[in-house]
Amino acid sequence: MFCKYCGAQLPDGSKFCQYCGMQLDAPEAVKPEETVQAVETEAAAAAAAVERAVEPEPVAAEVPVSEPVYQQQTYTQPVQQQYVPPVPPVPPIEPQAQPVQPDQPKKKSKKGLIIGLIAAGVVLIALILLFVLVFLPMILDGKKVEIDFTKYVKTTFDGYDTIGNAEADYDYDALIADYGEQLKYTRKYKSELEKEGTPSEFLVDNIIYYLDYFGYNDLSNGDTVDYVLFVNPGIEELMNVKIVNAETYSDGELKIPMTVEGLKEAELFDPFENIEITVTGNSPFGIIEYSFENSPEPIRDNEYYVSVDKTYDLANGDVVTFTLDEDYANEYFLSEYGMLPSKTTYEYTVEGLPELITDASQISAADMDYLKTVTDDIYYNEYISYDDASIKTNSYSMIGTILRVSTSPSEYSWDNNTLYCIYEQNCTVSAEGAPSADFTVYAAISFDNVYLDDGVLVFDEDDWTEEYNQYSMDVGNWTISGNYGFPSLDDIRAKFIIPGDTLYTYQDNITK
């Protein structure tokens, strides 16, 4: 048999349930299953309320019962329950008649209230968490310090216009003076960052500045250079700092155009002013010499910046070019003297050098007269003074010249040109008891490297040559011989003019 109250299996004929203690043959008052059902329903409702705390179910309104309702007693076949450990037997209790009580009016359900309270609790917990995680750190860390880091950007421009320099700087001192006392680490990173230094030091370490690599040398007033400022965006989390206009930075980097101004204007000077130039030698073998002793200071101190394209083998009319190496000189002159050259080249025309004579017409009449005076003395001493009793010179005179000029003159050549002074000598040969005879001989006295210096004939009067010639001629009954004279002008020309010679050119200026 089974207990009609708890459903436990009992021995047949039992009067009391050894599990729930109820008297099996007593009159029924309240059914045990209704009690159990009510308890289970209440427990299930409570559990469901917890699970649906966020979405509370609507509570249906209860309608009050106007009079007691009695439920008819019904019996059902007991259902096999989950095994419950046995309870020790309860001593039998004498049965007492219990009046059947009518059902009480249903009480108002507290399910909605419970759900509301649970939902309110959840919201309260969320607000508390939000406060702890978000607002409490803000309160403890204090208000963010807003900093415009561009206010402390500095760029200096130095030097002279066209070769100015730019240098970036950042006014850390002013930044710390303005905000140093307000800076602090956030509580989350405080213990770790304090090992790195003070908040001011940490902030300075996270600011980097420089000028864009290209374009900050050789500057002129009005040029633009880019100042690059990098502020580590991570400081907003690590410190109580907010970067003003942070959206203008790209990954923490901001380029700020800076206009070049204030570069000094250079003083212009002529680098070739008062240069002293002298040319020595003869054209075309002149040698140029120069001095910057009285030149402007930048050149006087640094004359090696000046080069000359030609210094020797110079002829009148040649142009010598002096050049200033501006690639090196300009910047140095500006930085050291604040001066810039007004020009970089200077041309000097060679003039005044004695010139090799290339044409007898270059010799003036006065110079020719002087030349004759010199050669007359030489001729007399070499030819006339040696007359003997048999030969007498009646007259002698220079009758012209032959000019030989080198086609490739050289500075060290002794005969870049040769001027042959041709003489005619009229003589009489006689002897006692023999008839006399008149004859004419010709001779030449030469000078090498004959020049004109400013139009004046220049030659070495002591460096002359008496042209040697072995000859013999018959005059009447006489045979005249010698080592210096020429029997005829044809012999003279044959001696000093060589047809087809490519090394020299010849000019015959003999008047006969």
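The structure is a predicted model, in which local features need pLDDT of at least 70, side-chain atom pairs count only at pLDDT 80 or more, and totals for chains, interfaces and linings use all residues. Residues are numbered from 1 along each chain as its sequence is written, and side-chain values use heavy atoms, with hydrogens and water left out.

**Whole chain**
- The chain has ten helices and 24 strands, taken as DSSP runs numbered from the N terminus (helices H or I, at least four residues; strands E, at least two).
- Of the 512 residues, 33% are buried, meaning under 20% relative accessible area with a 1.4 Å probe, protein chains only.
- Among contacts (heavy atoms within 4.5 Å) between residues at least 6 apart in sequence, 65% join residues at least 24 apart.
- Carbon and sulfur atoms hold 52% of the accessible surface of about 32,100 Å², computed by the Shrake-Rupley method with a 1.4 Å probe.

**Strand pairing**
- Strand 4 (residues 207–211) runs antiparallel to strand 5 (residues 224–231), and five bridges join them; pairing requires at least two bridges found by DSSP.
- Leu 211 stands opposite Tyr 227 of strand 5.
- Strand 5 is also joined to strand 7 (residues 253–259) by seven bridges, again antiparallel.
- Val 225 has Met 258 in strand 7 as its bridge partner.

**Thr 401**
- Thr 401 lies in strand 16 (residues 391–406).
- Its relative accessible area is 3%, so Thr 401 counts as buried.

Terms used
Buried < 20%, exposed > 50% of the residue type's maximum accessible area, 1.4 Å probe, protein only.
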